[in-house]
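These are my notebook entries on a structure I had not looked at before. I went through it step by step and wrote down what I looked up at each one.

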Amino acid sequence: MKKYFTYIIISIFSISCIYAQKDIQNEKYKRSSLYSFLISHPKVKMNNEITSAYLALTTPDKFNNHDLSVKCVTSSKKREDVEAVSKFLKKNEVAKRLVSKWFNRDKKSGVFDVSLITSRGEYNATKLDLEKAIHSERGVAILADAGEELIGKTFVTVNDITYIDKEARAQIAKQIFSVIGSFAGEMGGSIGDIVESAAQLSESISDQIAGFTVNVSTYLYQLDWNEEVAAKFYQDYYFDVNASSPNKMLGYDSDQDLFKLKYIGSYTAKSTKTVIKGISKPEDVFRKVCARALDNNIVALQHRYDEFKVKEPLFSVTPSITAKIGMKEGVAENSKFEVLEKSLDQNGKTIYKKVGVIAPEKKKIWDNRFMAVEEQADGANLTATTFRKVSGGDFYVGMLIREIK
């Protein structure tokens, strides 16, 4: 019977070795998951514009969206620090809420399921049978794989964004936004075009609008999901719709110590000058400033902390090596990426082997930053970045690349 269960588990949990077939282009791969939210400062100038701009942005497409219901919290201070942020995350049990989302926990019944893990992973089953897996060496190994590759790669970014307070400039620019925005709407043109066409005012208006800058502090946390946490969760708290357990439900609800977020680091930077070309309405200015500043902070954190780095599959290898990654992810002429081949070890866990190194081709780096197309930026007309081989043998579509120093 044990052998029979083991066979079922291997079938249920089997992970397709997708790289054995070199012509697969659209395979799924295990992305890191991200929950991000904003600290809003109602007493600080331009706070409403910042909040609206932030809430209009989407999760970076190199991450799975793991957002919770709260996307913005308010603070009476002008800025927060890591101690205050950490206390907030602990007090509101954000780590447990992230786990609950991973397992689609029903608040009323306490029932869990693994449909989200199945859909985000590379598992070919429609359901993972945890009860059987827990009692199988191979099943436990693959559960660990799912935890390490998916649940354990859950990150939280807490973003504290404030405009650099230059009161005179802010008041003048706010009036400029209002007047030009109304005029642009009546004329059917864009703010950028109107500013550029107003020769006598273009320089001053451009300086006022593009001169808007923000300070962005991003605090990075990671869900602490290890073997000990996973074992206790599966054994003491997990139950599905077929195994109702009031005791497990009560235990999970009352446990305030098991699930934690570990602080990785932070990064603070000032946004760069905004190019106004292609901007059609005032709120686009705020969205563009916030989007690019946040992207820059994520790139900086990835350069500093290896655990936060993302992998991206090769999109093509002939006639050129390309990948759907670009300036938004910090790709520059001096960037280098290792090429990784994925396989399974004898226990069915995912492993990655470095098989080569690639670097971007000059003038073939995709500008995929927010509103780059509207701005008509160099490289915005591309759909991927082209790379040259630095070392390695034959590559094939689906191999993963990861930036190296």
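Predicted model: local features only at pLDDT ≥ 70, side-chain atom pairs only at ≥ 80, totals over all residues.

**Entry 1: Thr51, and the chain as a whole**

I began with Thr51, and I noted that Thr51 is buried, with a relative accessible area of 14%, which falls below the cut-off of 20% that I use for that word. Thr51 lies in helix α2, which spans residues 47–55. Leaving aside residues up to four places away in sequence, I found that Thr51 touches Leu38, Ser40 and Cys72.

I then looked up the totals for the protein chain, which has 14 helices and 12 strands. Of its 405 residues, 51% are buried. I also checked how far apart in sequence the contacting residues lie: among contacts between residues at least 6 apart, 79% join residues at least 24 apart.

**Entry 2: the nonpolar cores**

Which residues have the most contacts inside the largest nonpolar core? I found that this core has 37 residues, and that those with the most contacts inside it are Phe103, Val158, Trp225, Phe233, Tyr234, Phe259 and Leu261. The elements that give two or more residues to this core include the helices α3 (82–91), α4 (94–102), α7 (137–149) and α11 (227–237), and also the strands β1 (32–40), β4 (154–163) and β5 (214–223). Apart from this core lies another one, of 19 residues, and among them are Leu38, Met46, Tyr163 and Val216. Leu38 was already in my notes as a residue that Thr51 touches.

Not counting residues up to four places away in sequence, Leu261 touches Leu89, Val94, Ala95, Leu98, Val156, Tyr221, Gln222 and Leu223.

**Entry 3: aromatic rings**

I counted the aromatic pairs next, and the count comes to 24. One of these pairs is formed by Phe112 and Phe233, which are edge-to-face, with 5.2 Å from centre to centre and 80 degrees between the planes. Phe112 lies in the loop between α4 and α5 and Phe233 in helix α11, so the pair ties together parts that are 121 residues apart in sequence.

Are the two residues of this pair buried or exposed? I noted that Phe112 counts as buried at 1% relative accessibility, and that Phe233 is buried as well, with a relative accessible area of 0%. Both residues also belong to a cluster linked by ring pairs, which includes Phe103, Trp225, Tyr234, Tyr252 and Phe259.

**Entry 4: helix α12 and its neighbours**

I looked at how α11 and helix α12 (residues 246–254) are placed, and I found that their axes come within 9 Å and cross at roughly 140 degrees. The two helices are therefore oblique to each other. Phe233, Gln235, Asp236 and Tyr237 in α11 meet Lys248, Gly251 and Tyr252 in α12. By class, this contact has 3 nonpolar, 2 polar and 2 charged residues.

I then turned to α4 and α12, whose axes come within 11 Å and cross at roughly 140 degrees, which makes α4 oblique to α12. The contact is made by Lys96, Val99 and Ser100 of α4 and by Tyr252, Asp253 and Ser254 of α12. By class, I recorded 2 nonpolar, 2 polar and 2 charged residues for this contact.

**Entry 5: Ser86**

Ser86 lies in helix α3, and at 28% relative accessibility it counts as partly exposed. I also noted that Ser86 and Tyr219 are 133 residues apart along the chain, while their C-alpha atoms are separated by 9.3 Å.

**Entry 6: backbone details**

I kept in mind that most residues other than glycine have a negative phi, and that most peptide bonds are trans. The peptide bond from Thr318 to Pro319 is cis, with omega near -5 degrees, and Pro319 has its place in the loop between β7 (312–316) and β8 (321–323).

Phi of Met371 is near 65 degrees, which is a positive value in a residue other than glycine. Met371 lies in the loop between β10 (350–360) and α14 (372–375), and at 10% relative accessibility Met371 counts as buried. Gln376 has a positive phi too, near 60 degrees, and its place is in the loop between α14 and β11 (385–392). At 58% relative accessibility, Gln376 counts as exposed.

Terms used: Residues numbered from 1 in each chain as written. Heavy atoms only, no water. Core = buried A, V, L, I, M, F, W, Y, C linked by side-chain atoms within 4.5 Å. Buried < 20%, exposed > 50% of the residue type's maximum accessible area, 1.4 Å probe, protein only. Helix = DSSP H or I, 4+ residues; strand = E, 2+ residues; numbered from the N terminus. Contact = heavy atoms within 4.5 Å. Axes fitted to C-alpha atoms, helices over the stretch in contact; angles between N-to-C directions. Parallel < 35°, antiparallel > 145°, perpendicular 65-115°, else oblique. Nonpolar A, V, L, I, M, F, W, Y, C, P; charged D, E, K, R; others polar. Phe/Tyr/Trp six-rings, centres within 6.5 Å; stacked < 30°, edge-to-face > 60°.
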